[in-house]
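Hello,

Here is the structure you were going to look at. My notes on it follow below.

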Amino acid sequence: MARALTTNFNVFWQLVKRDAYVLSFQLKSKLVDGAAIVALQVLVFGHLLPLAGMAPNLIAPTFIGTIIQLCITLGYGLSLRLLFDVEYNRFISYRLTLPLNKQWLFGVYIVNFMIEQLVTTIPLFSLGIIALGSSFVTVHTSPLLFVVVYFLSLFFMASLFLSFSLMYSFRWFFDNLWPRRLTPLLLFGGSFFPWKKVFAFSPTVGVLFLANPFTYVAEGLRATLIGGPDFLPIFVSIPMLLVGITVSWLLFSRGVSKRLDPV
């Protein structure tokens, strides 16, 4: 058991290092992209939206919501990479022959996805909030809980989008993923509006939002970065994120059996 664990970890670590090395060649480009996104977001949320009459207490929640929208778009792009590999390149077939348990192997893909999302979003959560200054109104920030929610959110999105790559056929993915999966997740995921305002408008719609795991991503990040009584309690968001991770991992495992059928 100990020997198998050591072997799995060593191969896992070498693959993670290999992917990180490849990513390092794209790091400069990704940082430039991140800086451009930060500049545009600060312009919109720090200057244009206040001029349009947006209430100051809505700027911070909406800003966080746009980061989640960016993560969904990024996750779609990342999932395309695995989809094309499974359909055409089949480099993953080589990796399945390595002395590595398949759960560890797909852990490599999840870590890689998480790193790429982190490189893109960290500038928004750091430089973006600093640049917004007083426009980003907070009540009580919880940095440690933010790190926990941020990590769980990245893990959830990575495993979910990886499962999309393996659960659906190549043609179905392109024809139906956005209209049938991603658009409902985006529109009913709390990224555009804080959940309590939706519930105050319509309890029925508010309950519908609670069936969407992205609601807990949005509300968890808002509760830890902004704080106050206007968002779902963190003790609700964290357990529900764990449920979302469990479900997405089960879908991921099912997709592996369906598309790859590893021995």
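Two residues are said to be in contact when they have heavy atoms within 4.5 Å of each other. Leaving aside neighbours within four places in sequence, Ser153 is in contact with Val217 and Leu241. Please keep in mind that this is a predicted model.

Ser153 is part of helix α6, which covers residues 143-167. Is Ser153 buried or exposed? Its relative accessibility is 2%, and buried means under 20%, so Ser153 counts as buried. Its side chain reaches the backbone oxygen of Val149 at 2.7 Å. Gly34 is 119 residues from Ser153 along the chain, and the C-alpha atoms of the two are separated by 19 Å.

Next, the nonpolar core. The largest one has 78 residues, and the members that touch the most others are Phe106, Phe164, Phe214 and Leu221. Helix α3 (residues 56-89) gives the most to this core, with 15 residues. What does Phe214 touch, not counting residues up to four places away in sequence? Its partners are Ile68, Ile72, Phe156, Met157, Leu160, Phe161, Leu185 and Gly189.

Last, the surface. Leu187, Phe188, Phe192, Phe193 and Leu208 make a nonpolar patch of about 450 Å² there. Phe188, one of these residues, sits in the loop between α7 (170-187) and α8 (195-201). The relative accessible area of Phe188 is 34%, which lies between the 20% limit for buried and the 50% limit for exposed, so Phe188 is partly exposed.

Regards

Methods:
Residues numbered from 1 in each chain as written. Predicted model: local features only at pLDDT ≥ 70, side-chain atom pairs only at ≥ 80, totals over all residues. Heavy atoms only, no water. Patch = residues over 30% accessible without salt bridge, like charges linked within 9 Å, V, L, I, M, F, W, Y side chains within 5 Å. Areas by Shrake-Rupley, 256 points an atom, 1.4 Å probe, with all protein chains shown as cover. Salt bridge = Lys/Arg side-chain N within 4 Å of Asp/Glu carboxyl O. Helix = DSSP H or I, 4+ residues; strand = E, 2+ residues; numbered from the N terminus. Buried < 20%, exposed > 50% of the residue type's maximum accessible area, 1.4 Å probe, protein only. Core = buried A, V, L, I, M, F, W, Y, C linked by side-chain atoms within 4.5 Å. Polar contact = N/O pair within 3.5 Å; in protein donor to acceptor, adjacent residues only side chain to side chain.
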